[in-house]
Amino acid sequence: MDRTELPLDVKLMTMATRALVVVLIALAAVAAGTWALRHPAWSVRAITVQGDVVHQNAVTFRAQLAAQMKSSLSGSFLTLDLQQVRSLFEAVPWVRSAVVQREFPNRLRVTIEEHQAVAWWGQAGSGRLVNRLGEVFDASPDEGEELPELAGPDHQSAQVWALFQSLQTEFSRLDMGLSRLQLNERGSWSIDLDSGTHIELGRGTPDELLARTQRFTATLSQLTARYPGALQSVDLRYPNGYALRVRGVTTVAQDDPKQSQNTR
């Protein structure tokens, strides 16, 4: 049986019809998918916040994020940008990190890690704090909470916090506390004790600074026994000793307001 070849125009019409059918099917599939994604069943119905939330709760999160979250959650649960939601939570004071996860069919779970403040960064009341990792963040501590002060270049905050801990351990053996540790723009360190004593540590590595401090604390009990007056200031920048100023002890005249004592 002979096969009659179709005219070219008929072939083209057939191919065009098939292509059109494929396009229509694809468009219908896209439309159906879009409709399904936008269906109310896929809208985010609830957000569960868990983890370390001492300074924040559902009420404060709602108050601070209501407007932004309304915009971010306007899309479908399936197409929601989790990175954007995470950024919104991490912009809230006290929040160090947030992990956002989908929970089918229409919920989000946010796991919060809060900063744990250990000190002021700069002056007390500055609105800048340091956490346990030595990171600087903006927040205000709880009313009545007393924190020491750390100061220095922002990029060296972890180094300042690490040295503070070492020095605090050393002075705590003598029942003394640090109220401030500062690294100035020249790279020189100084501390203030709870008693009001100011101590110049000078420059050096953490080990060198700690060694100078230990040299001082090792003889402090002898000094306080000999000079019972209040210790006003100490200079540890000498290579083989230190200089100090004690209230009531003078090397000039008894009524001179400048009172000092050198120890070598």
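## Working through a predicted fold

This is a predicted model; its mean pLDDT is 82, and 79% of the residues reach 70 or more. Over residues 251-261, though, the pLDDT is below 50, and that stretch has 20 contacts in the model beyond near neighbours in sequence. Where pLDDT is low, the predicted coordinates should not be read in detail.

**Exercise 1. Work out the strand order of the open three-stranded sheet, and find its edge strands.**

Solution. 
- Start with the order: the sheet runs S1-S3-S2, and its pairing is mixed.
- Now the edges: S1 (46-51) and S2 (95-103) each pair on one side only.
- Next, check how the strands sit against each other. Ignoring direction, neighbours in this sheet are turned by 25 degrees on average.
- Finally, zoom in on one pair. S1 and S3 (residues 107-114) run parallel and are joined by six bridges. If you want a spot to look at, find Ile47, which stands opposite Leu108 in S3.

**Exercise 2. Which residues of helix H3 (residues 82-90) are buried, and how are they arranged around the axis?**

Solution. 
- List the buried ones: Val85, Leu88 and Phe89.
- Look down the axis of H3. The buried residues fall within an arc of 95 degrees, so they line one face of the helix.
- Now place the helix: H3 lies across S1, S2 and S3, and runs at about 145 degrees to S2.
- Last, look at the start of H3. There, a side-chain oxygen of Asp81 comes to within 3.0 Å of the backbone nitrogen of Gln83.

**Exercise 3. Trace strand S9 (residues 189-193) and describe its pairing with S8 and with S10.**

Solution. 
- Begin with burial: four of the five residues in S9 are buried, so to speak "mostly covered".
- Take the S8 side. S8 (residues 178-183) pairs with S9 in the antiparallel sense over five bridges, and Leu178 stands opposite Leu193.
- Follow the chain between them.
- Switch to the S10 side. S9 and S10 (residues 198-202) are also antiparallel, with four bridges, and Trp189 stands opposite Gly202.

Methods: Residues are numbered from 1 along each chain as its sequence is written. This is a predicted model: local features need pLDDT of at least 70, side-chain atom pairs count only at pLDDT 80 or more; totals for chains, interfaces and linings use all residues. Side-chain values use heavy atoms; hydrogens and water are left out. Buried means under 20% relative accessible area, exposed over 50%, partly exposed in between (1.4 Å probe, protein chains only). Helices (H or I, at least four residues) and strands (E, at least two) are DSSP runs, numbered from the N terminus. Two strands pair if DSSP finds at least two bridges between them. The arc is that of the directions from the helix axis to the C-beta atoms. A polar contact is a pair of N or O atoms within 3.5 Å; within protein, one must be able to donate a hydrogen and the other to accept it, and residues adjacent in sequence count only if both atoms are side-chain atoms. pLDDT is the predictor's confidence in each residue, from 0 to 100. Contact means heavy atoms within 4.5 Å. Axes are lines fitted to C-alpha atoms, for helices over the stretch in contact, and angles run from 0 to 180 degrees between N-to-C directions.
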